[in-house]
Amino acid sequence: LCHDLDHRYIYCTVLILKVLLYFVFMQFVICYMYIYIFFVCMYVCMYSQRGTNNAFEQKYETALGSLYSSSTLEMHHFDRAVTILSTEGHNILEHVSPSDYKECIHFIKEAILATDLSKHFGDRKKYKELVQGRSFDKSSEAHVDLLRSIVMTSADLSAVTKSFPAQRKVAELVYSEFFEQGDLERAFGAKSEDLQDILNRQKLADLPKMQIGFIDFVAGPVYETLAEQFDELKVILAHSLLNGITHSIIWHGVLSLFLFIHCLSIDSQRRGEKKQTRLGNLEGTRPLQIHHSC
């Protein structure tokens with residue numbers, strides 16, 4: 001996520017991945033080597049972040065945008081991973097067989113690409129259909145690969161499953177980075193009204209509302225389907241829903257406050273108008289003239 005995010009967020013992300021993998025491993029008996037590779041993938045996804053998204057890289061034809069036509073940042077992360085693994089003293093896979101090495105590299109690539117949300121929505125739909133249709137087959141390589149992609153994204157979005165103070169802190173850091181991208185786009189000539197809300201610093205007060213949408217439509221559905229397949233993961237779903245409810249309470253509280261202030265303003269304005277009307281009527285009234293008779 002944020003390029004300047006410290007190790008605490010990486011720790012939280014890896015921790016949630018550890019929980020997810022534990023239950024997946026217990027039911028699917030996934031090779032320990034692949035679980036190890038999962039952790040490598042998560043660290044790589046946090047490495048060499050640029051503070052912009054794929055749309056920015058493509059729109060402004062940056063060096064990366066010109067190099068990769070799709071999944072720009074994810075492909076960049078994968079290439080960096082391969083570069084590190086090719087460096088002397090850093091190849092943690094040097095003792096595996098050539099065939100296993102090739103398979104591990106393929107695994108790393110697919111896992112990292114799975115964190116591209118534009119790809120994730122299609123994967124999530126397929127996974128949901130399999131789970132709800134009770135047609136998920138543990139022996140199917142395609143189904144297990146699909147689950148791998150879902151687990152990767154679940155770990156990537158796992159901040160929403162933390163305690164509310166931690167979740168809100170991460171959200172503020174992420175949106176501050178989005179706002180910096182929006183500032184950069186304005187410097188390139190973009191108009192504020194043309195920016196997405198998540199890129200528009202003027203929408204800072206709408207952060208709770210944006211988090212509600214993110215949890216309801218992006219992160220929440222992933223944990224909902226995982227919890228449907230793995231009962232042990234229902235606690236993670238509950239935490240994400242609780243954070244959504246908390247943001248909703250804050251958002252509606254803010255709306256109520258704005259509505260109250262707006263009503264006070266209107267009431268004050270009407271009182272002022274009535275006062276001006278009364279003063280005008282008094283000024284237009286002639287004083288009573290008394291005629292004295294001789």
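Colleague: Why is Tyr 60 called partly exposed?

Modeller: The relative accessible area of Tyr 60 is 24%. Buried means under 20%, exposed over 50% and partly exposed in between, with a 1.4 Å probe and protein chains only, so Tyr 60 is partly exposed. This is a predicted model, in which local features need pLDDT of at least 70 and side-chain atom pairs count only at pLDDT 80 or more, while totals for chains, interfaces and linings use all residues. Residues are numbered from 1 along each chain as its sequence is written, and side-chain values use heavy atoms, with hydrogens and water left out.

Colleague: What makes Tyr 60 and Phe 188 an aromatic pair, and how is the pair classed?

Modeller: Their ring centres are 5.1 Å apart, and rings of Phe, Tyr and Trp (its six-membered ring) pair if their centres lie within 6.5 Å. Tyr 60 lies in the loop between α3 and α4, and Phe 188 in the loop between α9 and α10, 128 residues apart. Together with Phe 56, these two residues form one aromatic cluster.

Colleague: Why is the pair of Tyr 175 and Phe 179 called tilted?

Modeller: The planes of Tyr 175 and Phe 179 stand at 45° and the centres are 6.4 Å apart, so the pair is tilted.

Colleague: How do you know whether Tyr 175 is buried or exposed?

Modeller: Tyr 175 has 6% relative accessibility and therefore counts as buried. Phe 179, at 4%, also counts as buried.

Colleague: What makes the span of α10 agree with expectation?

Modeller: The expected span is 1.5 Å times one less than the number of residues, so the 23 residues of α10 should span 33 Å, and the end C-alpha atoms are 32 Å apart, which agrees. In α10 there is also a kink of about 50° at Gly 220, shortly before Pro 221; the bend is the angle between axes fitted to the seven residues ending there and the seven starting there.

Colleague: How do you know that Arg 148 lies over the face of Phe 107?

Modeller: Arg 148 is placed at 5.0 Å from the ring centre of Phe 107. A charge sits over a ring if NZ of Lys or CZ of Arg is within 6 Å of the ring centre and within 35 degrees of the ring normal, and Arg 148 is accordingly listed over the face of Phe 107.

Methods. Helices (H or I, at least four residues) and strands (E, at least two) are DSSP runs, numbered from the N terminus. Rings of Phe, Tyr and Trp (its six-membered ring) pair if their centres lie within 6.5 Å; planes under 30 degrees apart count as stacked, over 60 as edge-to-face and the rest as tilted.
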